[in-house]
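Subject: Structure handover

Hi,

Here is the structure I promised to pass on. Please open it alongside this note.

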Amino acid sequence: MTILDTTSEGQPQHGGQQQPAAPQRPKPSNAFLDRFFEITKRGSTVAREVRGGLVTFFTMAYIVILNPLILGGFSADNAPTDVAGGWLSAAQVGAVTGLTAGIMTILFGLIANLPFGLAAGLGINSFLAVAVIQEVTWAEAMGLVVINGILIVLFGVTGARTAIFRAVPKELKAAITVGIGLFIAFIGFVDSGFVRATTAGPPVQLGDNGSITSVPTLVFIVGLLVMGILVARKVQGGLLIGIVATTVLAAVVEAVMKIGPGSASNPGGWHLNTPVLSGQLVSAPDLSLVGQFDLFGSFGRIGALAAVMLVFTLVFTNFFDAMGTMTGLAKSAGVAHKDGTFPRLKSAFIVEGLGAVAGGATSGSSNTVYIDSAAGIGEGARTGLASVVTGVLFLGSMFLTPLTSVVPLEVAAAALVVVGAMMMAQIREIKFSKFSVALPAFLTIVTMPLSYSIANGIGVGFISWAVISACSGKIRKVHPLMWVVTAGFLVYFARGPINALLGA
């Protein structure tokens, strides 16, 4: 906390005479914010925090549109249906997505005082929609998410999560940061259409058959260059200016060329959001999904062992995705200590766990820290004030869904690539001259983008670090908790065969 000046200016001196009080300087109107969030102490300003919060929101806003598309639909015909034929309304999922992200991001900013945004995790919501509801109902699936969150909160309260975090070698923490940077850059390339899957040959290729053929991808390239130039020239608000300017460009291009949304018949269209305002701007949110979860119903439907394996998968994904993300973001924000820890570590872990509980309780899926927050950090955000700004905007998104959908995914993708480049700077902390360090770090870095999972990268890094260290005569340097987590990851990676055996 900021230490207040307690000098006795204007108080009686030893001579006994009352000295005239010095004129008091007017306190700035943001003095309370400065003290509460330690803004000056972290080398930031209120304006910079607000800009960072805005950038984080606009970079994350796609989740308000994407989460309903993953979890719900407008009818049973176009929505993922559960084992009983139930489905979630896209409009209701959109409302609870904004509600939960807003509340949890504000709470995280106030308690953890870090510039991290929280929202429905893409890995877990996809896992629920594709796999879990084939065995249980949506309400039961969300009950499993709540149980997962309660366990993560307990890990945070007891200090187990903090202990595991401290047991990770600093080189692996640096590798996690670099891997996340490469991962989010790859996400940006894929979301923009800059790289695409191939029907045969290499897994990915440049654009369409090696060429950039779509106008939205050209907008992405323009946005990437604009943001890159602004950041390189150290223009204040460079990322935000770039996002706004490129969104305006995208809207003009759409108005002139009528490109439309991307689809099988229109592969050159916009991804997810078409940059055009349509219909009413304000609508009342439908929060009917709040509280619609069944905590233990899945145990009765599929049996305790199968339900426990689903919870195990959720916990491992949630636990290590968030740990890795927070490691990278804290380093990018310059608030991490030499050992990779950061201020209010335990509080951050507990609140993040509560995000999982809240996400399951509202049927919007587990909420976790978003790597997209790195965009706001790249804009200069260093404190929880930025998170409060982001959270307030998420709450507003419940009423302004048409407005938040104006920013196309191609524009957000450009910001992710720029931020990914920033995060790569942490690679200098890895001693690649020592192969016992180089190989686990390398595997951590490349596994994240190649498997599209932060947790997978961390798991491969943990296992390879422990095994190589032990076989190189350095077993004493491996913390006991690293072995515990390594064993857990071995089970995590073998969960498919284990589930098959349990179902046999």
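Below is what turned up, by topic.

First, a caution: this is a predicted model.

**Helix H9**

H9 covers residues 215-232, which is 18 residues. At 1.5 Å a residue it should span 26 Å, and its end C-alpha atoms are 25 Å apart, which agrees. Its buried residues are Pro216, Thr217, Val219, Phe220, Gly223, Met227 and Leu230. Seen down the axis of H9, these fall within an arc of 150 degrees, so they line one face of the helix. The general rule behind such a pattern: an α-helix has 3.6 residues a turn, so residues three or four places apart point the same way.

What covers that buried side? Helix H8 (170-192), strand S4 (195-197), helix H10 (238-257) and helix H17 (409-423) are among the covering elements. The face turned away from the buried side carries Leu225, Ile229 and Ala232, which are exposed. After H9 comes Lys234, with a positive phi near 55 degrees.

**Surface patch**

Val244, Val248, Val252, Val256 and Met257 make up a nonpolar patch on the surface. Together they have about 460 Å² of accessible area. Val256 is found in H10. It has a relative accessible area of 65%, over the 50% cut-off, so Val256 counts as exposed.

**Positive phi**

Most residues other than glycine have a negative phi. Glu38 has a positive one, near 55 degrees. Glu38 sits in the loop between helix H1 (31-37) and helix H2 (46-60), and is buried at 10% relative accessible area. Ser365 also has a positive phi, about 80 degrees, and is not a glycine. Its place is the loop between helix H13 (345-361) and strand S6 (367-369). Ser365 is buried, at 0% relative accessibility.

**Salt bridges**

How many salt bridges does a search of the whole structure find? Five.

- Glu379 lies in the loop between helix H14 (373-378) and helix H15 (384-397) and Arg51 in H2, so the pair ties together parts 328 residues apart in sequence. Glu379 is buried at 7%, and Arg51 is buried at 18%.
- Glu140 is buried at 6%, while Arg301 is partly exposed at 43%.
- Glu352 is in H13 and Arg161 in helix H7 (residues 160-167), 191 residues apart. Both are buried.

Best wishes

Methods. Residues numbered from 1 in each chain as written. Predicted model: local features only at pLDDT ≥ 70, side-chain atom pairs only at ≥ 80, totals over all residues. Heavy atoms only, no water. Helix = DSSP H or I, 4+ residues; strand = E, 2+ residues; numbered from the N terminus. Expected span 1.5 Å × (residues − 1). Buried < 20%, exposed > 50% of the residue type's maximum accessible area, 1.4 Å probe, protein only. Arc of directions from axis to C-beta. Contact = heavy atoms within 4.5 Å. Patch = residues over 30% accessible without salt bridge, like charges linked within 9 Å, V, L, I, M, F, W, Y side chains within 5 Å. Areas by Shrake-Rupley, 256 points an atom, 1.4 Å probe, with all protein chains shown as cover. Salt bridge = Lys/Arg side-chain N within 4 Å of Asp/Glu carboxyl O.
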